[in-house]
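Hi,

Here's the structure I promised to send over.

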Amino acid sequence: FGPEFDLLLAFFFTVLWGVGVGTLTFVKPFIYAGNGFFATWMAFLAAVTTLPKLIPFIRTTLDDAGPVLIYLFLSSGVLLIQAAVDCCSTTLYLTIVLTSISLAITLLDFFLPASTPHKKSMISAVLLTLWTIILHITFSGPYKILGNGYFASWVGFTVALFKAADAAGWLKYLKQFHLVPQDFSDALQPVATVAMPPSDQDHHVTVQHHHHTAPRSAVTPSAPVPPPGAHIKGEATPPAGNSPSINPIAAEKEFWQNVALQEGGTSEGTGHVKTLNGDE
């Protein structure tokens with residue numbers, strides 16, 4: 001039906017399953033891990049992930065933020081909402097305060113990213129301290145059972161831990177023991193998409209050799225290709241004033257054949273000269 005219909009449908013399912021997640025997994029009946037819990041979250045995530053594909057602005061914003069800030073933002077938001085729904089107790093009040101601070105630091109780090117390694121290390125240390133304190137609620141309660149609070153606490157702590165390790169340069173030691181992938185540092189960084197302008201070097205000549213070709217020295221890739229119409233040694237010079245039109249592709253092919261002949265090859269054993277349009 002067109003992109004407008006796809007966008008409308010994506011918004012509809014995002015709102016629909018957003019309300020479903022907020023009601024079914026935060027209030028009741030699927031507040032603990034089970035079929036209903038995972039099915040509701042999967043449906044919501046499937047609807048949400050279609051929006052960046054349809055709206056370039058959202059896709060660019062997520063690419064600029066990077067996976068670390070996205071996970072910290074989601075973990076802080078989910079735990080903040082769950083603690084607010086389950087309120088009130090001293091532990092939950094503390095959880096609301098700490099997750100609010102984490103949410104504010106995450107947004108601040110997105111809009112005003114740290115410009116020096118020292119500032120990055122300080123931000124990472126503060127986030128790790130916050131989530132270490134928050135993680136206490138998965139041991140003493142109220143989020144000892146698998147649910148939104150439990151998963152959000154552990155995801156937030158894990159991401160904050162690796163963010164701090166990356167800022168301190170400890171990931172290189174973990175890589176030595178193969179505890180993290182070799183490209184894990186790249187996964188923590190925002191995605192930067194740069195459109196490269198077309199280069200003149202893209203228009204090149206590719207020389208292919210087969211098993212029956214002349215020796216490798218017979219065809220010299222670094223040899224200059226004469227301009228179309230240039231005289232090649234060993235050929236008769238056409239009479240002046242009667243020069244036929246010359247095909248540049250044919251001239252290049254003939255040039256390489258003459259180079260192979262002069263180096264001791266044969267015209268049948270030379271490589272084939274291919275241009276970008278596939279002609280030989």
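To start with the overall picture: of the 280 residues in the protein, 30% are buried. Keep in mind that this is a predicted model. The protein exposes about 18,100 Å², with carbon and sulfur atoms supplying 67% of that. Its secondary structure comes to 11 helices and two strands, and along the sequence they run α-α-α-α-α-α-α-α-α-α-β-α-β. If you take contacts between residues at least 6 apart in sequence, 62% of them join residues at least 24 apart.

Next, the aromatics. I count 10 aromatic pairs. One of them is Phe37 with Phe38: the ring centres are 5.4 Å apart and the planes sit at 90 degrees, so this pair is edge-to-face. Phe37 is buried, at 4% relative accessibility, whereas Phe38 comes out partly exposed at 40%. Trp41 and Phe44 make another edge-to-face pair, at 5.9 Å centre to centre and with 80 degrees between the planes. These two are three residues apart in helix H2, so about one helical turn separates Trp41 from Phe44. Both fall under the 20% cut-off for buried, with Trp41 at 17% and Phe44 at 19%. There is also an aromatic cluster formed by Phe37, Phe38, Tyr150 and Phe151.

And what about Met42? Met42 lies in helix H2, which covers residues 35-48. Its relative accessibility is 59%, so Met42 counts as exposed. The C-alpha atom of Met42 is 9.4 Å from that of Trp17, a residue 25 positions away along the chain.

Cheers

Definitions and conventions: Residues numbered from 1 in each chain as written. Predicted model: local features only at pLDDT ≥ 70, side-chain atom pairs only at ≥ 80, totals over all residues. Heavy atoms only, no water. Helix = DSSP H or I, 4+ residues; strand = E, 2+ residues; numbered from the N terminus. Buried < 20%, exposed > 50% of the residue type's maximum accessible area, 1.4 Å probe, protein only. Contact = heavy atoms within 4.5 Å. Areas by Shrake-Rupley, 256 points an atom, 1.4 Å probe, with all protein chains shown as cover. Phe/Tyr/Trp six-rings, centres within 6.5 Å; stacked < 30°, edge-to-face > 60°.
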